Amino acid sequence: MKYVDWTPQLTVDPPAYLDANVLVGAIVTTHRLYPTCVNLIATLLMGKLRILVSPVSLDECLWATAKLAYCQLTHNPPNARWSKTIYLRWCERIFQSYEGWITAVGSMTKDWSSAGVPIEVIPKTEVLWEQVVDLAPSYMQEFKLSPADAIHLALAQTHAKTFITADSDFEAVRQNPPTGELVILHLVA
Amino acid sequence: MSIDTATIQHMRPSKPRDVEEISVTFQPQIEDTGSLAWRQINDILYSSLTEFGFPQPAQTVPGPLELPAQTVVAPGIVVGGEEYKQRYGGIDLEQYRHQMSPELFKTFVRHIGRIPGTPGLDLSDIVTTPE
């Protein structure tokens, strides 16, 4: 496994598994990684490279856009406290006013597919899923990753040649990368 | 000033043939924001009235920092000046327009930056598992 900071000159080896922050990062403006996320997405689309996503990515995207909507409704900053209790309290208002935000990532990936971009949902088979189940806890322990991040890494390791993420929590992998051919492309501003 | 805010402040026609006696004054209700539509209306009025010998006030030339009111990014995708700046300002759209098929380019620009962020936004603050 290799850990590399992405630059536009780098070739992305497909299939490429996308972390949720890359998808959200291309849809939401003003953050410092927005142009990087957009340029990376353009590279993938122009090359018609195989893109992989997972239900874990979608789950994180839905939480992210719901939180943005909550912050917008309540005039809270983006780093405001966010919990399931808060979500349940504001759920109705969020969907009343910002349903388009919540469905944005799903709509984007469906449109990519309609435009001929090869995009697939993983895990693909039960055998591969069993490998993910075995790998995820070991990544949690070895790299002190959250369960969701460990599952992302395990899904990428078993299905992809490249894992694209903007999450610096994977920095721990750079120091002591496990065996395998996966390249982790880290998006930096 | 947009079309919505332009008002005919005073118009007093007397008889149908007394064209010279009609007094028309245009006055903006708010500061002119330099919308393209208003400038076009203004140009038409200016040239028509000048042609008939009405005295005209000096024209205000829009400043160089004004953004176009609307920009067509791709067929069917029209955004305002400020939105264009936020979503596409730092992106080399022309490069992508030439390298993508028209359908793919439209799909690409339709989705990027469709949710407005807030100043100081950090991705790690929002892509996070709730407590």
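I began in chain B, where strand β3 (residues 70–74) runs antiparallel to strand β4 (residues 77–80) and is joined to it by four bridges. This is a predicted model, so I kept in mind that local features need pLDDT of at least 70, that side-chain atom pairs count only at pLDDT 80 or more, and that totals for chains, interfaces and linings use all residues. Residues are numbered from 1 along each chain as its sequence is written, while chains are lettered from A and ligands numbered from 1 in the order in which they are written. For the elements I used DSSP runs, numbered from the N terminus: helices are H or I with at least four residues, strands are E with at least two. Strands pair if DSSP finds at least two bridges between them.

**The hairpin in chain B**

I noted A74(B), whose bridge partner in β4(B) is I77(B). Two residues lie between β3(B) and β4(B) in this hairpin, and G76(B) in the turn has a positive phi of about 90°.

**The sheet in chain A**

Next I traced an open sheet of six strands in chain A, with parallel pairing and the order β1-β6-β5-β2-β3-β4. Its edge strands are β1 (2–5) and β4 (119–121) of chain A, each pairing on one side only. From one strand to the next, the twist averages 25°. For angles, axes are lines fitted to C-alpha atoms, for helices over the stretch in contact, and the values run from 0 to 180 degrees between N-to-C directions.

I then followed β5 (residues 162–165) and β6 (residues 183–186) of chain A, which pair in the parallel sense over four bridges. Helix α7 (residues 147–159) of chain A lies across β2 (16–18), β3 (51–53) and β5 of chain A, and runs at about 165° to β2(A).

**A look at T165(A)**

I found T165(A) in strand β5 of chain A, standing opposite H186(A) in β6(A). Is T165(A) buried or exposed? T165(A) is buried, with 23 other C-beta atoms within 10 Å; the cut-offs are 20 or more for buried, 12 or fewer for exposed, and partly exposed in between, with C-beta atoms placed from the backbone. Leaving out residues up to four places away in sequence, T165(A) touches D19(A), N21(A), V22(A), F170(A), I184(A) and H186(A) (a contact has C-beta atoms, placed from the backbone, within 7 Å). I also checked E130(A), 35 residues from T165(A) along the chain: their C-alpha atoms are separated by 23 Å.

**Helix pairs in chain A**

I looked up α1(A) and α2(A), whose axes come within 8 Å and cross at roughly 105°. They are therefore roughly perpendicular to each other (65 to 115 degrees; under 35 is roughly parallel, over 145 roughly antiparallel, and the rest oblique). V22(A), G25(A) and A26(A) of α1(A) meet Y34(A), C37(A), V38(A), L40(A) and I41(A) of α2(A).

The axes of α3 (residues 55–74) and α4 (residues 84–102) of chain A also come within 8 Å, crossing at roughly 95°. The residues in this contact include L62(A) and L73(A) of α3(A), and W90(A) and W101(A) of α4(A). By class, the contact has 13 nonpolar, three polar and one charged residues (Ala, Val, Leu, Ile, Met, Phe, Trp, Tyr, Cys and Pro count as nonpolar; Asp, Glu, Lys and Arg as charged; the others, Gly among them, as polar).

**Where the chains meet**

Last, I checked the contact between the chains, which takes 39 residues from chain A and 31 residues from chain B. On the side of chain A that touches chain B, α1 (20–27), α2 (34–46), α3, α4 and α5 (104–114) are the elements that give two or more residues. That side has 25 nonpolar, ten polar and four charged residues.

Conventions. Contact = placed C-beta atoms within 7 Å.
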